[in-house]
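Take a look at the sequence and structure below. This briefing then walks through a few points, topic by topic.

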2 protein chains.
Amino acid sequence: MTTLTEVAKLAGVTAATVSNVLRNRGKVGVATRQRVLEAVDTLGYRPHLTARALAEGSAPTLALMVSSIANPFYPEFALAAERAARQSGRFLIVCNTNEDPAIGRAYLEQIAGTLSEGVLVMNANLDFDDLRKTQARGTAVVLCMWERPDAPPGMPCIAVDFFAAGALAARHLLDLGHKRIGAIIGSQADGVHAARYEGFCATLREAGIAHVPAEARFTRDSIQGGYEAATELLTALPEVTAIFATNDLPALGAMHAAADLGRKVPEDLSVIGITDIQLARESRPALSTVAVPTEAAATMAVRLLRALIDGSAVGALMQVAPAPELVVRASTGSARNRRS
Amino acid sequence: MTTLTEVAKLAGVTAATVSNVLRNRGKVGVATRQRVLEAVDTLGYRPHLTARALAEGSAPTLALMVSSIANPFYPEFALAAERAARQSGRFLIVCNTNEDPAIGRAYLEQIAGTLSEGVLVMNANLDFDDLRKTQARGTAVVLCMWERPDAPPGMPCIAVDFFAAGALAARHLLDLGHKRIGAIIGSQADGVHAARYEGFCATLREAGIAHVPAEARFTRDSIQGGYEAATELLTALPEVTAIFATNDLPALGAMHAAADLGRKVPEDLSVIGITDIQLARESRPALSTVAVPTEAAATMAVRLLRALIDGSAVGALMQVAPAPELVVRASTGSARNRRS
């Protein structure tokens, strides 16, 4: 492989000058610059990124930690983050923790600060202690979609107002005349979907609609989890006319459950989710949902991480992503249409 | 950050000895080894992977090039490849080319041989010329799911017998008594799905069933692509009793089209795909399909890549993954059941 020194020799300059030209740094005359670039071309020199990163004291990738790349939301987020990273001259390493804090810790210890100069964390079931240790070693960390803008985590993050997302979904169902609404929560009661469920509950309460624990099910954040929870809920409480799910996957599962129970969506049952993954658009009927700002949050997260790395941002910083938005499709309809 | 030299100083040995202990190389006495490991512990030394990689003349990641991470098959494959890579002590960088050969080329030029010591290529719309250039620079390249075991690409690859997959799907539909079978191909006629379609056609031909061009549609490899193609096909040829799709996504789209046209699956129309992505299991009705060996192919690809890097495998090598297998679920049924 051609080295910097060989390029320098051919161009008749020092290695430092070649380096300055390639990095657009220092003062280099036009003719010298031209000579260096011609030598680079002639010899087919490719700057050795790893070596350059070492020389500059930084590594050339960003890492994205996700809990399960098989959940379709994460590839969508990774796609947006990868685009933003590439635009800023960095590659994205996707690290999959399989919901296992020990795997997450291994990734952090192996790559943070060495292979990757910064870490984006997306619901990766990581201990905050591990993240703080990573920060303490001088590696930038950004939480990607913090669920509670009103309660900053004491760590740089992009916050998304998921309470508002839950509230929007509830408001939509109330506007359609629904009064008996089941809730399917894709996490434990104190888990990552808690804020969404609180927004839903608060909106029902304000409207004077009772929502009792029997109308809620806590389950896995998957189509199958939503299917099982909805089957149970609709069997126990057939008078329910709408289901709010805290994520699109369990909402899609709820639609499957309705189909298997002979209830048409939206005539016999309205279903709404949160996120707006691609499958929400592609399901039959298409899923009404509350879209979260995936693309914007990914771009903001990469920018904040780069700012922390560059030293132009410091300390515990929270940035709030654009507000979630209601997307009405075919899975929600008027409660009055219900066939009895 | 603690350096190798500081560890060596504390342990009273040379840096080379510390390095040998950490890499399990060279002859080091038990007591010395113990002293080095204690010093590593005491100082909290973490081997600097990037530096180590440079010293060893290799970089510590593998790259996986995919054409669209938003297609749910790729995350499933990436998950398996990442697991295999991690087991062999490497991290996986996922590079998304967005079906753009220029982006693929940029990735290859930027990371191959520098950041990544080897490249896995999965339907990434890359020019073979670009891959050969990458090989010529000394970087190992493995094609992950080559579609034609009978026509090796002259490059290391894991081949999957997709002709057999198409044949299995056709055989299943013939066994159910179907004679008018539509085909939806998720690529151009000479594209990556050609072998699957050929297997389908050959099997029909052997059974003495005519399959005419009017019964085939070439479309995009997506739910929406399959939906549009099936709508057109079923409208033009309502006598079709079954649809074979070359991939699960267009097969799922065909089921949506059937629903919108008032045809029940499988009573009025059988639908079968190829791959067995997670959505195939989760759709309603669950999709019959021909499962390809995703996990096995990913593991074999990582192993072959590592062997090429280590020098224990050389030249153009093709390994054939386990045979595709029919998975019968609820979307296919007897042609005799058709309501008329």
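This is a predicted model: local features need pLDDT of at least 70, side-chain atom pairs count only at pLDDT 80 or more; totals for chains, interfaces and linings use all residues.

**Strand E6 of chain B**

- Strand E6 of chain B covers residues 181-185. It is mostly covered, with five of its five residues buried.
- B:Ile181, B:Ala183 and B:Ile185 point one way. B:Gly182 and B:Ile184 point the other way. All of these are buried.

**Partners of E6(B)**

- One partner is strand E8 (residues 242-245) of chain B. The pairing with E6(B) is parallel and has four bridges.
- Within that pairing, B:Ala242 of E8(B) is the residue opposite B:Ile181.
- Strand E7 (residues 216-218) of chain B also pairs with E6(B). This pairing is parallel too, over three bridges.
- Here B:Arg217 in E7(B) sits opposite B:Ile184.
- How does the chain get from E6(B) to E7(B), and what is the hand of the crossover? The chain passes through helix H9 (residues 194-206) of chain B. This β-α-β crossover is right-handed.

**Cis peptide bonds in chain A**

- A:Val265 and A:Pro266 are joined by a cis peptide bond, with omega about 10°.
- A:Pro266 belongs to the loop between helix H11 (248-260) and strand E9 (270-275) of chain A.
- A cis bond also runs from A:Arg284 to A:Pro285, where omega is near -15°.
- A:Pro285 is in the loop between helix H12 (278-282) and strand E10 (288-291) of chain A.

**Positive phi at Asp276**

- A:Asp276 is not a glycine, yet its phi is positive, at about 70°.
- Its place is the loop between E9 and H12 of chain A.
- Is A:Asp276 buried or exposed? A:Asp276 counts as buried because its relative accessibility is 15%, and the cut-off for buried is under 20%.
- In chain B, B:Asp276 has a positive phi near 70°, and it is a residue other than glycine.
- B:Asp276 lies in the loop between strand E9 (270-275) and helix H12 (278-282) of chain B.
- B:Asp276 has a relative accessible area of 15%, so it is buried.

Terms used:
Residues are numbered from 1 along each chain as its sequence is written. Chains are lettered from A and ligands numbered from 1 in the order in which they are written. Side-chain values use heavy atoms; hydrogens and water are left out. Buried means under 20% relative accessible area, exposed over 50%, partly exposed in between (1.4 Å probe, protein chains only). Helices (H or I, at least four residues) and strands (E, at least two) are DSSP runs, numbered from the N terminus. Two strands pair if DSSP finds at least two bridges between them. A crossover is right-handed if, with the strands pointing away from the viewer, the path from the first strand over the helix to the second runs clockwise.
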